[in-house]
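The following note sets out points for a colleague who is reading the model alongside its sequence. Please consider the points in the order given.

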Amino acid sequence: MKVGINSPVYFDLRVIVSYPDVMQTVSDLLVAHIKGLQLSSQHVCGVPYTALPLATIVSLQQNTPMLVRRKEAKAYGTKKLIEGIFNAGDTCLIVEDVVTSGSSILDTVRDLQSEGIVVTDAVVVVDREQGGVANIAKHGVRMHSLFTLSFLLNTLLEAGRVEKTTVDAVAKYIAAVQINSDGTFIGGDKRDPDEANEFARTKLTYESRANLAKSAIAKRLFNLMASKQTNLCLAADLTKSDDILDMADKCGPYICVLKTHVDIVEDFSESFISNLQALAKRHNFLLMEDRKFVDIGNTVSLQYSKGIYKISSWADLVTAHTLPGRSILQGLKTALNGDDAVKERGVFLLAEMSSSGNLIDDKYKESSNKIATEGGDVDFVAGIVGQSANCFAFPGLIQLTPGIKIDESVDKLGQQYQSPESAVKERGADIGVVGRGILQANNVQQAAINYRDRLWAAYTERVAK
């Protein structure tokens, strides 16, 4: 959401541009609403960017000239924020898709008013009922919505598409989280919106989140964690295949994922992989190759499926950077043969790292989150590699957090460690990755049990709260 609040419900109307019949229906409803309210203006202007196609159709149907507002002025040419032909004193009707606090409408109002254009009304498709109407009214603009969030949820309830507990939980959230136009909370900015959000991912059990996952492998992993009662991933960063197999056999009963760096294995062979797969099946854990793919789609596809490692043939999960953009997902999926193969594989996208001084910033994290949750390839994304609870909101994704060690510290190469409790309860980890804390223990089996128990206890305490 624009105001930066994690919400239990989200309406993404951007996708309606791909459905001309839906676009036409929504536009027809807006035009009928405008006529019914007897709203008249010399121009219409859509709030960028989702409302622009809606405003265009409204303009055509009503034969009303349209204005286009830019989010940023061009650095060349006329450098205008408002494009179109108009005169000071002209009136303009604003069109918007979804309103929470009303801040996007008010941004558009200010830019129009700076050109001398008069704005008194705005029509919107969905009002989330979180303060937008009142915030906009304070600036002399009346907001008229086709639907409220409550109406849509009750309609879905009557149609049997959502449960009453969901409707009640969202109603509770709306009542508790009212937002000013600047993003602060009405009644003070000290409250935590997640406290009123019963669908915050850190409050939900793995079983509940499995039902929300878009990735088949994420569903499988959620259910594996719940049934086996472990959220421990072992980072088997060893250079000899026999050592990895020995570690997998000893720790396998206590882990949900075994993570490898196969390119450091000095005696790699096909028999090593077949033996590792057999152990994964015997002890019921998934295999993750921490390859951190980061190249153009075609190269990634070849790295994933070809060469001596043939990673796609045995690794349930891999990791990848989002630096190349969405093509990283498309490249990985291209290496698999058909939809059934895609369902058996998945990727964790890196949004944050545990090494000190890394160059990942908030904008990169936000972009990674969008790649993970939007578009036609989200069925391949099992989760996010992250270090913070606010790294992402969607509960159908799994947060994998490296750098777990009972004695928190920093190694000589900048790896920052955190305790199991801190990682799960404070930083939102769903799976904790432990390497040297187990590998270098005198009794690796007992160390795995200790980490398993502490990570699982932290998870049960988190959801109990």
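1. Eight of the ten residues of strand β5 are buried, so β5 is largely enclosed by the rest of the structure. Buried here means under 20% relative accessible area, exposed means over 50%, and partly exposed lies in between, with a 1.4 Å probe and protein chains only. Helices (H or I, at least four residues) and strands (E, at least two) are DSSP runs, numbered from the N terminus.

2. The basis of these remarks is a predicted model, in which local features need pLDDT of at least 70 and side-chain atom pairs count only at pLDDT 80 or more, while totals for chains, interfaces and linings use all residues. Residues are numbered from 1 along each chain as its sequence is written, and side-chain values use heavy atoms, with hydrogens and water left out.

3. Strand β5 (residues 118–127) belongs to an open sheet of six strands, ordered β3-β2-β1-β4-β5-β6 with mixed pairing. The edges are taken by β3 (82–83) and β6 (142–148); each has a single partner strand, so one side of each is left without a neighbour in the sheet. Two strands are said to pair if DSSP finds at least two bridges between them.

4. On one side, β5 pairs with β4 in the parallel sense over eight bridges, and V98 has V126 of β5 as its bridge partner. With β6, strand β5 also pairs in the parallel sense, over six bridges; here D127 stands opposite T148 of β6.

5. Two helices lie across this sheet. Helix α2 (residues 52–62) lies across β1 (43–46), β2 (66–69), β4 (91–99) and β5, running at about 160° to β1. Helix α3 (residues 103–113) lies across β1, β2, β3, β4, β5 and β6, and runs at about 160° to β4. Contact means heavy atoms within 4.5 Å; axes are lines fitted to C-alpha atoms, for helices over the stretch in contact, and angles run from 0 to 180 degrees between N-to-C directions.

6. Most residues other than glycine have a negative phi, and most peptide bonds are trans. The peptide bond from P48 to Y49 is cis, with omega near 5°, and Y49 lies in the loop between β1 and α2. In the loop between α2 and β2, N63 has a positive phi, near 55°; N63 counts as exposed because its relative accessibility is 69%.

7. A closed barrel of eight strands runs β7-β8-β9-β10-β11-β12-β13-β14, with parallel pairing. Its twist averages 30° from one strand to the next. Strands β7 (residues 232–235) and β8 (residues 257–260) run parallel and are joined by three bridges; L234 has L258 in β8 as its bridge partner. Helix α13 packs on the sheet, touching β9 (286–293), β10, β11 and β12, and its direction makes about 150° with that of β10.

8. Within strand β9, K292 has a positive phi, near 50°. K292 is partly exposed, with a relative accessible area of 26%.

9. Which residues of helix α15 are buried? They are Y364, K365, S368, N369, I371 and A372. These residues cover an arc of only 160° around the axis, which puts them on the same side of α15; the arc is that of the directions from the helix axis to the C-beta atoms. The face turned away from the buried side of α15 carries the exposed residues D362 and K363. The buried residues of α15 pack against β10 (317–321), α13 (327–334), β11 (346–350) and β12 (381–385). After α15 comes G375, with a positive phi near 100°.

10. The largest nonpolar core has 88 residues, and L221 and I438 have the most contacts inside it. Its largest share, nine residues, comes from helix α18 (residues 444–464). Apart from this core lies another, of 20 residues, including M23, L54, L93 and V95. A nonpolar core is a set of buried Ala, Val, Leu, Ile, Met, Phe, Trp, Tyr and Cys residues joined through side-chain atoms within 4.5 Å. Leaving aside residues up to four places away in sequence, I438 touches L232, L234, C251, V444, A447, A448 and Y451.
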